[in-house]
Amino acid sequence: MSDGKITKRFIAGAVCPRCNAMDRLVIFRRDDKDFRECVSCGFLDEMRLNTPKNELETRVNTPEAVKAAQTQAVKWLEQ
Ligand SMILES: [Zn+2]
């Protein structure tokens with residue numbers, strides 16, 4: 001039973017977009033959504049990786065940087 005328990009994982013090498021701290025970002029899942037959070041400054045961002053609509057849009061016109069970031073994020077989630 002894991003109800004109410006949220007596991008946060010650090011993202012190796014990730015840099016916070018707000019405070020630029022490295023290795024301070026964690027990812028966690030809550031309410032079927034994935035979030036990333038900076039434990040240094042409190043930055044919180046929802047990661048919309050599993051939205052079918054978003055997936056279709058990015059397939060049609062995906063900048064390489066976005067594609068790489070999504071691939072990396074999936075790897076994090078699978079760890
Ligand atoms: Zn931060």
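Followed along the sequence, the order is β-β-β-β-α-α. The model is predicted, so local features need pLDDT of at least 70 and side-chain atom pairs count only at pLDDT 80 or more, while totals for chains, interfaces and linings use all residues. Residue numbers start from 1 along each chain as its sequence is written.

Stay with the whole chain for two totals. Of its 79 residues, 6% are buried; a residue is buried if 20 or more other C-beta atoms lie within 10 Å of its own, exposed if 12 or fewer, and partly exposed in between, with C-beta atoms placed from the backbone. Contacts are pairs of residues whose C-beta atoms, placed from the backbone, lie within 7 Å. Among contacts in the chain with a separation of 6 or more, 22% are between residues 24 or more positions apart.

Next, select residues 9-10, strand β1, together with residues 25-30, strand β2. The two run antiparallel and are joined by 2 bridges; strands count as paired if DSSP finds at least two bridges between them. Within this pair, R9 stands opposite I27 in β2.

Pick F28 and then F35 in β3, its bridge partner. The two strands form a hairpin with 2 residues between them, and D31 in the turn has a positive phi of about 55°.

Is R30 buried or exposed? R30 is exposed, because 10 other C-beta atoms lie within 10 Å. Which residues does R30 contact, leaving aside its neighbours within four places in sequence? They are I6 and F35. Draw a distance from R30 to I6: their C-alpha atoms are separated by 7.0 Å, although the two residues are 24 apart along the chain.

To finish, show side chains on the strands. In a regular strand, side chains alternate between the two faces of the sheet.

Notes. Helix = DSSP H or I, 4+ residues; strand = E, 2+ residues; numbered from the N terminus. Contact = placed C-beta atoms within 7 Å.
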